[in-house]
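Reader: I am new to structures of this kind. Could you take me through how to read the places where parts of a protein meet?

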Amino acid sequence: MRLRLQVNGTEREAEAREHESLLTVLRERLGLWGSKNACEQGECGSCSVLMDGDLVCACLVLAGAAEGRDVRTVEDLAAGEHLHPVQRAFVDAGAVQCGFCTPGFIVATAALLRDNPEPSDAEIREALSGNICRCTGYGKILEAVHRSAAQGYTS
Amino acid sequence: MTIAPPKTRLRGVVGESAPRADAPPKVKGEFLYGSDLSREGMLHGATLRSPHAHARIARIDVAAARAMPGVRAVLTSDDLPTREKFGLMRADQPVLATRVVRYVGEPVAIVAADDPEQARLAARAIKVEYEALSAVTDAVAALQADAPKLHDPKDGNVIEDVRVVHGDPDARADVVVEGEYEVAMQDQAALGPEAGLAIPGQDGGVTLHIATQWLHEDLRQIAPCLGLPEEKVRLVLAGVGGAFGAREDVTLQIHVCLLALATKRAVRMTYGREESFYGHVHRHPARMWYRHGATRDGRLVFVRATIVLDGGAYASSTFAVVANAACFGAGPYRVPNALIHAVGAYTNNPPTGAMRGFGAVQSCFGYEAQMDKLAAALGIDPVELRARNALENGDRIITDQPIEGSAPVAEVIRRCAALPLPPRRSSNDPLELPGGAGNLTHGEGVKRGVGFAVGLKNVCYSHAFDDFSTARVRVERDQGGVVARVHTAASEVGQGIVLVCEQIARTELGVQRVIVETPDTTIGSAGSSSASRQTWMTGGAVLAACREVKAELAKRARGRRLEDVDVAELLGTPVERVVTHRHRPTEKRNDTTQNDGHVAFLFAAHRAVVDVDVDTGLVKVVQIATAQDVGKAINPLAVIGQLEGGIAQGLGLAVMEEVQLKDGAVRNASFTDYLLPTMLDMPPVVCDLIEFPHPDAPYGAKGVGEPPTISSTPAIVAAIRAATGRALERVPVRPDDIVFGTSSRSGWRVVAGDDPRGAERVR
Ligand code: FES
Ligand code: FES
């Protein structure tokens with residue numbers, strides 16, 4: 001099927017199979033490899049994207065359901081070399097090891113801070129509990145979220 | 001003579017918490033992992049796997065699969081170029097099952113097709129007729145005479161058998177405690193799936209971009225199975241999404257190359273999560289029988305143990321795992337007399353191999369439970385008992401090897417115990433209690449417990465293995481000024497070896513701009529990113545290469561001090577040095593394992609505080625405190641990242657993570673059913689890094705990756721025991737174990753220290 005959607009502010013078209021996920025479309029059809037494929041079952045958050053502003057697991061969204069929608073991926077955040085504050089905070093806090101979980105955490109953190117600019121530890125833990133990281137033990141990720149909040153990230 | 005420009009202070013030298021150079025591309029989503037690689041017109045591979053734990057293959061019919069749309073190749077064992085087998089430490093594994101399958105998930109056929117879906121469907125369309133054989137899925141049963149034999153009948157399913165005999169193992173003691181313990185199968189669960197892209201070359205060879213822990217070891221196993229000389233197989237490291245031991249073994253490497261060579265097209269293979277559970281080796285499950293004896297004033301007199309490790313259907317690194325379980329089986333204590341008998345068995349379970357702390361993790365759970373039993377029997381505080389028996393520099397471990405360099409065991413115990421405890425629980429807010437948002441308790445049945453554990457392990461490879469790493473360091477001038485390029489084959493799997501190389505080169509050379517190049521097989525081996533060894537080995541190689549480069553620069557400076565010259569001026573031609581670094585030799589293991597088999601030892605202590613709801617059996621880990629002997633923290637932030645990440649995996653093994661097997665089949669091959677710690681499960685971690693430099697290591701830096709997973713698990717279980725009074729002789733601890741005190745005996749009677757081949761079934 002022919003699919004039309006807005007990705008990171010640009011009109012995109014892709015040929016996709018009926019039962020393919022939005023994640024497959026982004027990665028394999030549009031070459032946007034930033035959203036990751038760790039479980040493809042909605043359990044790890046590594047494929048987190050925004051669809052019409054809502055945080056979703058792209059692996060759980062059927063391609064067809066993305067027709068005509070506005071999709072924002074991790075690739076939308078930095079302006080060239082200039083990192084988004086959440087990205088900067090993850091780099092500085094040492095929240096990145098293998099980095100496979102990182103794009104998902106970045107997108108989920110940006111969504112969290114948009115809705116709750118000064119989250120408590122408990123609120124961060126709750127909001128990011130759908131994102132699995134196997135490397136860091138989460139301590140530095142928690143710190144990165146606080147750092148980005150402190151930098152007044154709002155947009 | 002030009003005047004040297006004023007030197008600005010270098011940023012990111014050894015000892016500084018510099019940010020990683022690979023972090024910006026990772027946060028932007030630009031960093032390409034194995035599963036993100038693509039080539040115009042590439043094909044996609046898929047694998048057909050055995051549904052049986054043990055069966056004869058009567059017939060394979062690929063006709064229907066070959067005829068399907070988009071299918072470019074279907075290969076079974078009949079189509080292989082050679083009969084070579086592969087394997088990390090013993091070549092016992094066929095590339096595709098030949099005549100027999102030995103575990104559920106064993107690869108039987110592979111397919112390449114235009115798209116992944118077609119490849120999967122075609123694999124499913126291959127018809128295989130099996131005749132089931134009797135299977136053995138209990139490792140102790142596998143060692144008995146009546147068990148079906150998986151490989152050479154002469155070896156009786158024994159992969160490795162290690163005895164450590166130290167002092168007089170029959171010594172008598174005032175107080176004796178014993179116990180039977182079990183460690184279940186844990187999955188490394190690296191988030192990045194197994195993935196590789198193979199591109200056939202003009203010369204009949206192949207280039208493989210692969211997420212792996214050890215490029216050259218892959219190469220050694222791949223080339224013969226392809227029937228190619230090693231020069232025709234080129235490996236390049238793809239981005240690695242975590243490893244933790246799971247990428248030490250070959251998974252899809254040979255398959256994807258075979259498909260590329262057969263189709264003369266680029267082929268990518270990526271495992272999905274379910275397949276990943278079958279496709280890579282797991283942590284060895286263990287059954288352990290321990291007996292400890294001590295004097296009335298709390299000095300250890302003897303330790304006896306029998307340890308049976310389930311190696312699954314193929315050997316993988318079972319040899320090293322068994323040796324570790326045995327050598328470190330008495331813990332970081334002064335033990336004058338010991339008998340440890342550890343055996344690794346072939347079974348029809350999925351193969352097991354390396355996982356962080358391998359071997360040492362299993363036995364630590366046993367000996368630390370024993371230390372607590374002993375403390376209770378003696379009426380001595382458990383921390384005090386450990387401190388009283390702590391190894392010191394010059395003491396011998398049970399393999400009779402003296403510990404030289406640094407052995408701050410008493411120090412890690414004392415400093416861990418001194419870290420601040422978390423505040424008392426102030427509210428009965430369900431979010432703060434076990435079960436969290438599930439709102440399962442208001443605090444009535446919630447008990448707090450504190451537990452402590454200490455562990456040790458070797459760093460680098462042991463027992464006369466020729467362990468080395470090669471580094472090329474090149475200093476040159478380009479448009480950006482002076483730049484140092486560091487090239488090694490060391491796999492960056494997330495642990496931060498890129499940082500270590502960069503910080504060492506910057507410090508040694510005084511050059512701000514350091515580029516760590518992509519690892520590949522055009523340079524010599526760096527050995528594996530395992531055994532906590534890369535800082536010591538590849539860090540050591542980079543350090544040595546830098547010093548040679550510096551010597552050449554000094555020569556070019558003709559008597560002027562390097563600090564006083566503009567280095568750019570000396571670089572009319574670049575300076576390049578390649579150095580292969582080896583650690584001091586170690587001895588081969590003898591019959592009683594009494595020799596200097598190891599390079600050096602790592603120590604850590606963990607203290608856990610838990611809240612347990614005794615009514616539901618749910619556990620909330622409230623805090624982990626740790627003190628770890630790191631030698632020297634090259635990058636403290638990265639070291640703490642290793643500690644916290646390793647503790648998360650130790651916590652997983654303590655209370656959540658288990659690959660559940662039924663008749664050899666994995667029953668929970670997904671992240672829905674295999675539970676990993678999330679941010680809600682991980683408590684704050686308080687760390688104390690203990691820096692007693694080791695004289696043989698670069699800057700004194702020992703490895704840091706494994707100790708966090710070794711003693712964190714027993715510390716958490718000790719805390720749950722303290723809270724509940726339950727015996728808890730198995731990990732992971734399940735709610736039923738807490739609520740009902742379920743026991744998990746193996747059903748075998750084994751006298752600690754005896755040969756498990758003589759085990760008796762308990763009726
Ligand atoms: S890949 Fe989508 S949630 Fe794991
Ligand atoms: S950094 Fe590796 S999974 Fe999070």
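Author: Start with buried area, which is the accessible area, taken with a 1.4 Å probe, that two parts lose on being put together, summed over both. The model here is predicted. Between chain B and chain A the buried area is about 4200 Å², and carbon and sulfur atoms give 59% of that area.

Reader: Which three residues supply more than any others of the area that chain B buries against chain A?

Author: They are B:V27, B:L191 and B:M679, which supply 21% of the area that chain B buries against chain A.

Reader: How many residues does the contact take from chain B and from chain A?

Author: Chain B brings 59 residues to the contact and chain A brings 49 residues.

Reader: How many salt bridges does the rule find across the interface of chain B and chain A?

Author: The idea is a cut-off: a side-chain nitrogen of Lys or Arg must lie within 4 Å of a carboxyl oxygen of Asp or Glu. Across the interface of chain B and chain A, 6 salt bridges are found by that rule. One of them joins A:R134 to B:E657, with the closest N and O atoms 2.7 Å apart.

Reader: Which element gives the most to the side of chain B that touches chain A?

Author: Helix 14 of chain B does, with 8 residues. The elements of chain B that give two or more residues to this side are helix 1 (23–28), helix 3 (116–124), strand 14 (267–270) and helix 14 (636–655). By class, the side of chain B that touches chain A has 29 nonpolar, 19 polar and 11 charged residues.

Reader: What domains is chain A divided into?

Author: Chain A has domain 1 (2–74) and domain 2 (85–150). Their centres, taken over C-alpha atoms, are 21 Å apart. In the contact between them, domain 1 of chain A has 15 residues and domain 2 of chain A has 12 residues.

Reader: What area is buried between domain 1 and domain 2 of chain A?

Author: About 1000 Å² is buried there, with carbon and sulfur atoms giving 65%. On the side of domain 1 of chain A that touches domain 2, the largest share comes from strand 3 (residues 48–51) of chain A, with 3 residues. That side of domain 1 divides into 6 nonpolar, 7 polar and 2 charged residues.

Definitions and conventions: Residues numbered from 1 in each chain as written. Chains lettered and ligands numbered in written order. Predicted model: local features only at pLDDT ≥ 70, side-chain atom pairs only at ≥ 80, totals over all residues. Heavy atoms only, no water. Contact = heavy atoms within 4.5 Å. Helix = DSSP H or I, 4+ residues; strand = E, 2+ residues; numbered from the N terminus. Nonpolar A, V, L, I, M, F, W, Y, C, P; charged D, E, K, R; others polar. Domains from an automatic or database assignment.
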